[in-house]
There are 2 protein chains.
Amino acid sequence: MLSRAEERLINALQQRKGRAEHGRFLAEGVRVVEEALASGDLDFAVISPSVEDNARGGALAAELERRGLVRRVSEVELNKLAGTDTPQGVLVVAHTPVHELEELKARDGDKLLLLDGVQDPGNFGTLVRAADALGVRAVIALPGTVDPWNPKSVRSAAGSTFHLPVIQADVPSAAAWLGANGFTLYAGDARGAAVRDVTFAGRAALVVGNEGAGLSDAVRSLNPTTVAIPMRGRAESLNVGVAAGILLYLLTERSHG
Amino acid sequence: MLSRAEERLINALQQRKGRAEHGRFLAEGVRVVEEALASGDLDFAVISPSVEDNARGGALAAELERRGLVRRVSEVELNKLAGTDTPQGVLVVAHTPVHELEELKARDGDKLLLLDGVQDPGNFGTLVRAADALGVRAVIALPGTVDPWNPKSVRSAAGSTFHLPVIQADVPSAAAWLGANGFTLYAGDARGAAVRDVTFAGRAALVVGNEGAGLSDAVRSLNPTTVAIPMRGRAESLNVGVAAGILLYLLTERSHG
């Protein structure tokens, strides 16, 4: 049984304000909850019968049960509590990992991803997942970027937000840290140098702007080195996830030459 | 005014069967309709007041009007007729472009994209748009792939389906054509050769499988050359659009060395 206080907590965690107040967030779906369980502190789990629909969900429910974390509710109740469309019969309340720029000790050849006003949780998650897969060291979420701990952001990152440090920082702090640690900042821009000619040597950071408006004035004023993916056909541009994926691949691959 | 026959036609075009019977499809949204107008034959356009909400939409409406194509309806009616969530006040009924493998004359260094059961219209459109932007010659949609002329596929391709040939073919026909024209077939696979070591020289085709199940047995039996994007972090995999985008970039870029 879920207590009234627990229900109120879950509802509060749907909002950014509630997440900040409680230092907790919601993780939903079998794969994401598996990662949350492996990586962090959980307060409790809410499950409904459909989690047992497949073996992987059943095993997860059994493990949550073994740890004494489970509150059982009906399918309808779980779907009402969830912040994503398909919670797959499971959600957990977890402690929000807090990472600060100051604790990030830069290493030789480190690559970073900065998100400058990326607003769609699906794009956010795709980029964090790609950064994790390709070997980026950390993600810095600048102001105007969707909350990394929004249930939809968490879901679309498929667990990557739990093991890759996601650091929230303002532009002056991020710029100061990058400068002090010798990072070169790159940004995709059609007028930049063709990316095939760029080596991304040493410590390098890629900044990705808002889906519609591109980079903020604050980031533009840092004069990032611009790099272009040549458009050889008739399409005006690439989808933001595809463009950033290509740049992230080149950023991380060339340093392993 | 929209006639009853026109309304019935639009409703029929929401279904694959209706599109096949009538040889027509629906294009929705300002940018996509601009491209449809520039590239193909239109039967008529349906517009509602919100198309005039911005200058670009207003100019498009004026041009459609000049050509005598416009049927005016209310906002509510247009949204009811549309097959996407945000038609932006405009949809058109257009002739479906039909491309056949036989009419595609292969040229030196041609790059192709094959879609083997890509089912999500958003992924389909993202990939067609990326193929267009990066200079791929044509897209071959194999069985099990979402209908290229589904309103959501058309919308997410942002006009690229109108200028890049999208050819529907079965696996034996596609394999025979690729073989006769000297194409090497590549597929992304974690057990393949690291993609950094692959040159994609000459005529080359990349095949992308279903979002969950990967390549079909029919395509696997063609023994494509497998290439891997190294996973350096903890994420198990990349989103299908990001992975295919990276491979498409490398496929098209290396031939321009």
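This is a predicted model: local features need pLDDT of at least 70, side-chain atom pairs count only at pLDDT 80 or more; totals for chains, interfaces and linings use all residues.
Residues count from 1 along each chain as its sequence is written, and chains are lettered from A, with ligands numbered from 1, in the order in which they are written. Local features need pLDDT of at least 70, side-chain atom pairs count only at pLDDT 80 or more, totals for chains, interfaces and linings use all residues, and side-chain values use heavy atoms, leaving out hydrogens and water.

**Exercise 1. Work out the strand order of the open four-stranded sheet in chain A, and find its edges.**

Step 1: Strands (E, at least two residues) and helices (H or I, at least four) are DSSP runs numbered from the N terminus, and two strands pair if DSSP finds at least two bridges between them.
Step 2: Reading across chain A gives β1-β4-β2-β3, with mixed pairing.
Step 3: β1 (24-28) and β3 (70-72) of chain A each have a single partner strand, so one side of each lacks a neighbour in the sheet.
Step 4: Now zoom in on β2 (residues 42-47) of chain A: three bridges tie it to β3(A), and the two run parallel. One residue to look at is A:V46, whose bridge partner in β3(A) is A:R71.

**Exercise 2. Sort residues of helix α1 (residues 4-12) of chain B into buried and exposed.**

Step 1: Buried is under 20% relative accessible area, exposed is over 50%, and partly exposed lies in between (1.4 Å probe, protein chains only).
Step 2: B:E6, B:L9 and B:I10 come out buried.
Step 3: Down the axis of α1(B), the buried residues fall within an arc of 100° (taken from the directions from helix axis to C-beta atoms), so they line one face.
Step 4: B:R4 and B:R8, on the other side of α1(B), are exposed.

**Exercise 3. Locate the residues with the most contacts inside the largest nonpolar core.**

Step 1: Such a core is a set of buried Ala, Val, Leu, Ile, Met, Phe, Trp, Tyr and Cys residues joined through side-chain atoms within 4.5 Å.
Step 2: The largest has 72 residues, and A:L113 and B:L113 have the most contacts inside it.
Step 3: Leaving aside residues up to four places away in sequence, A:L113 touches residues including A:L127, A:I140, A:L206 and A:L248.

Methods
Contact means heavy atoms within 4.5 Å.
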